[in-house]
Each structure stands twice: as C-alpha cells, then as structure tokens.
Amino acid sequence: MTVQVRLDRAGFGPGVLDGQRGQSLVKALKGFQQAAGLRVTGEPDAETIRALAGRMDVPGIIEVELTPALLAGPFVGPLPKREPDQAKLPTLGYSTALEKLSETFHTTPETLVRLNSLATKLEPGNRIRVPNVVAAARDYDPELKPEWRQTLGMLNVSSDQPRAARVVVDKSDGVLMVEGEDGKLLAQFPVTTGSKHDPLPLGNWKIQGAAYNPPFHYNPKLFWDADNKDEKAVLPPGPNGPVGVVWLDLDKPHYGIHGTPRPETIGRTESHGCIRLTNWDAARLSMMVKPGTTAVFRA
C-alpha cells in the first residue's frame with residue numbers, strides 16, 4: 001500500500017489503492033521510473049523505493065477522525081441501471097457513506113472494510129484507517145465555483161498541480177501522460193479508451209474547456225448498446241453519473257476526457273470512445289490543463 005500511496009501523491013496514479021499488485025501499479029511504476037530517470041522495470045526495486053521515499057516520504061496508512069463533513073450525503077442507495085431511470089433522481093450521488101469515503105481516500109469499500117474493525121461504525125468522532133492521500137495543499141483558485149472547490153477537497157486533490165503543455169493518451173499502454181513544455185513526463189494516470197464499437201479517435205485534438213460536476217445529456221442514438229425504446233434524457237450531476245465529476249471537452253463532437261462512477265474498472269473494461277479516469281485523477285487533470293491544451297491520441 002505504501003508504494004501505491006507514494007505513487008499517487010507523486011502524480012503517477014496506480015488506480016484504486018488496495019494494496020494489490022496489478023497492471024495499474026506496474027504502469028504507474030514505469031511512468032515514475034521514466035520521469036525520474038531510472039531503469040524502467042515496472043518493479044518496486046530498491047532504486048525506485050529510494051526515489052519514491054525521497055520525493056514522498058509518507059506512511060501508506062494513517063488514522064483519521066470521521067467528521068460530519070466526511071460523512072455528509074446525500075446518499076441515494078443503489079442506482080438504477082438504466083439511464084432513463086437515473087434521470088428521475090435528484091442527484092447521482094454516492095450510494096452510501098462507505099462509498100464516499102472510498103473515493104475520498106482513493107480506494108474501494110472492500111479495502112476500507114479490510115483495514116478496519118468490523119465493529120467500527122461510520123459515525124462522527126470515530127477513527128478509521130485509510131490510505132494516506134490527504135491533500136498536501138488546498139489553495140484552490142478562488143475563481144472556481146465553491147461547489148467545485150468542495151469537490152476537489154472531498155477527493156483529496158492537492159492544489160499544487162503542474163501545468164501541462166500537452167497530454168498524450170496511449171491506447172496500447174492504457175495510460176494518459178501529462179507532459180511539460182520540455183516534453184518531460186510530469187504525471188501519468190491509468191485510463192479506459194474506447195472499444196471495438198467506439199474506438200479511440202486517434203490523432204491530435206484540443207481540450208476546449210471543462211464542465212465541473214456536469215449533468216449528462218443521454219442520447220441513445222450515440223450508444224450502440226442502448227435500449228431501442230430509450231428516449232433522450234438529462235441525468236442529474238453527481239459522482240456516480242456516467243462522466244463522474246468532470247468533463248474535459250474535446251474539439252471532436254461527442255468526445256471528451258472524464259471521470260467514472262466505477263473507479264475499480266479503469267483499464268479493465270471498455271468505454272464508448274471517450275477517455276475515462278477515476279474521479280480523483282480526472283479532477284487532478286482538470287487542474288493541469290486549460291482551453292487549447294493539445295491532446296494526442298495514439299495507438
């Protein structure tokens with residue numbers, strides 16, 4: 001878990017923090033090793049561990065006190081599977097407090113349960129063990145709407161993010177890379193990129209802007225797997241909406257880079273052609289880019 005946490009805090013997202021060795025961890029290690037000028041092995045070798053400790057010398061697990069803010073809803077319970085039914089809800093919020101806490105600490109409900117006593121109740125004043133991803137800084141741009149600043153804080157997205165000259169989405173590696181003006185790799189996140197029905201649109205594009213906590217305009221004609229009885233609908237905002245907490249619009253109609261309601265599936269399932277990240281990585285990326293930032297999609 002410590003290696004995952006330090007990679008996450010360094011900007012090389014390993015996906016959900018669960019203490020397990022998987023493909024997302026290997027990708028994150030390779031990205032960090034490349035950026036640090038180390039041998040690219042994808043292994044947590046001694047050289048890499050030293051470099052991580054030199055950059056992010058923090059424990060992997062910490063204990064936090066539950067507060068009313070951490071436990072605040074609204075919680076909507078299990079979501080309907082069909083978009084027309086989701087459109088009837090007032091919000092596409094978290095189903096339970098446990099799910100919200102999992103996103104806050106970049107992990108899964110199963111991992112939080114494993115880290116804590118079964119007798120621990122999710123009530124204000126109680127303490128729980130969590131992955132140590134508490135944001136290093138929260139000096140968010142005051143021009144951002146309060147609701148979005150609150151979302152950034154809830155997702156433990158630090159305000160001290162690097163500036164991107166361009167982003168590169170590599171389909172074969174399943175990663176999104178953030179590069180600086182000198183081409184140096186600044187950050188990297190695991191992504192889901194399209195499917196055989198809706199392939200990733202290869203080429204050079206531009207990020208046109210960001211929609212924070214957006215509603216979702218569901219058009220069944222754009223989804224090959226939609227029910228032929230479905231009609232257009234507007235789904236309310238929420239972290240469990242189809243595009244999560246943020247949509248980065250591209251200059252290709254109907255395509256964007258966005259979050260997801262199911263962070264554990266990143267890199268393991270397909271999308272409808274767009275680029276999907278965990279909500280916390282999508283939110284972090286939104287602070288690195290600006291309108292006009294180049295997005296290169298390659299095979």
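## Note on the sheet, a pocket and some buried residues

1. Arg-166 stands opposite Glu-179 in strand E4. Arg-166 opens the note, and the two strands involved come next. Strand E3 covers residues 166-170, and E3 pairs with E4 in the antiparallel sense over five bridges. Two strands pair if DSSP finds at least two bridges between them. Strands (E, at least two residues) and helices (H or I, at least four) are DSSP runs, numbered from the N terminus.

2. A word on the basis. This is a predicted model, in which local features need pLDDT of at least 70, side-chain atom pairs count only at pLDDT 80 or more, and totals for chains, interfaces and linings use all residues. Residues are numbered from 1 along each chain as its sequence is written, and side-chain values use heavy atoms, with hydrogens and water left out.

3. Now the whole sheet. Nine strands form an open sheet with mixed pairing, in the order E5-E4-E3-E13-E7-E10-E11-E12-E6. E5 and E6 (192-193) are at the edges with a single partner strand each, so one side of each has no neighbour in the sheet. For reading any strand, keep one rule in mind. Side chains in a regular strand alternate between the two faces of the sheet.

4. E4 (residues 175-179) pairs with E5 over five bridges, in the antiparallel sense. Val-178 stands opposite Ala-187 in E5. The hairpin of E4 and E5 has five residues between the strands, and Gly-183 there takes a positive phi near 85°. Is E5 mostly covered or mostly uncovered? Strand E5 (residues 185-190) is mostly covered, with five of its six residues buried. Buried means under 20% relative accessible area, exposed over 50%, and partly exposed in between (1.4 Å probe, protein chains only).

5. Move along to E10. Four of its five residues are buried, so E10 is largely enclosed by the rest of the structure. E7 and E10 run antiparallel and are joined by five bridges. Ile-207 stands opposite Leu-250 in E10. E10 also runs antiparallel to E11 (residues 256-258), with three bridges between them. Here Leu-248 stands opposite Ile-257 in E11. E10 and E11 form a hairpin with five residues between them, and His-254 in the turn has a positive phi of about 75°.

6. Next, helix H7. Its buried residues are Trp-148, Thr-151, Leu-152, Gly-153 and Met-154. What covers them includes helix H5, strand E7 (203-212), strand E10 (246-250) and helix H8 (279-288). The covering residues are in contact, meaning heavy atoms within 4.5 Å. Just after H7, Asn-156 takes a positive phi of about 55°.

7. Which helix gives the most to the lining of the second largest pocket? H7 does, with five residues. Strand E1 (61-65), helix H5 (97-104) and helix H7 (146-154) each supply at least two lining residues. The lining has 27 residues, and Ala-72, Lys-100, Gln-150, Thr-151 and Met-154 lie nearest the pocket centre. A pocket is found on a 1 Å grid over the protein atoms alone: it is an open set of points with protein on both sides within 12 Å along at least five of seven lines, where a 1.4 Å probe fits, and lining residues have an atom within 4 Å of a point.

8. The volume of this second largest pocket is about 680 Å³. Volume here is the space filled by probe spheres set on the points, with grid points joined across faces, edges and corners. By class, the lining has twelve nonpolar, eleven polar and four charged residues. Ala, Val, Leu, Ile, Met, Phe, Trp, Tyr, Cys and Pro count as nonpolar, Asp, Glu, Lys and Arg as charged, and the others, Gly among them, as polar.

9. His-106 is found in the loop between H5 and helix H6 (109-115). His-106 is buried, at a relative accessible area of 2%. Its side chain reaches the backbone oxygen of Leu-155 at 2.7 Å. Beyond neighbours within four places in sequence, the contacts of His-106 include Asp-8, Val-133, Asn-156 and Trp-280.

10. Last, Leu-29 in helix H2 (residues 23-36). Leu-29 is buried, with a relative accessible area of 0%. Leu-29 and Leu-7 are 22 residues apart in sequence, and 7.5 Å apart in space from C-alpha to C-alpha. Leaving aside neighbours within four places in sequence, Leu-29 touches Leu-7 and also residues including Val-3, Pro-44 and Thr-48.

Methods:
Polar contact = N/O pair within 3.5 Å; in protein donor to acceptor, adjacent residues only side chain to side chain.
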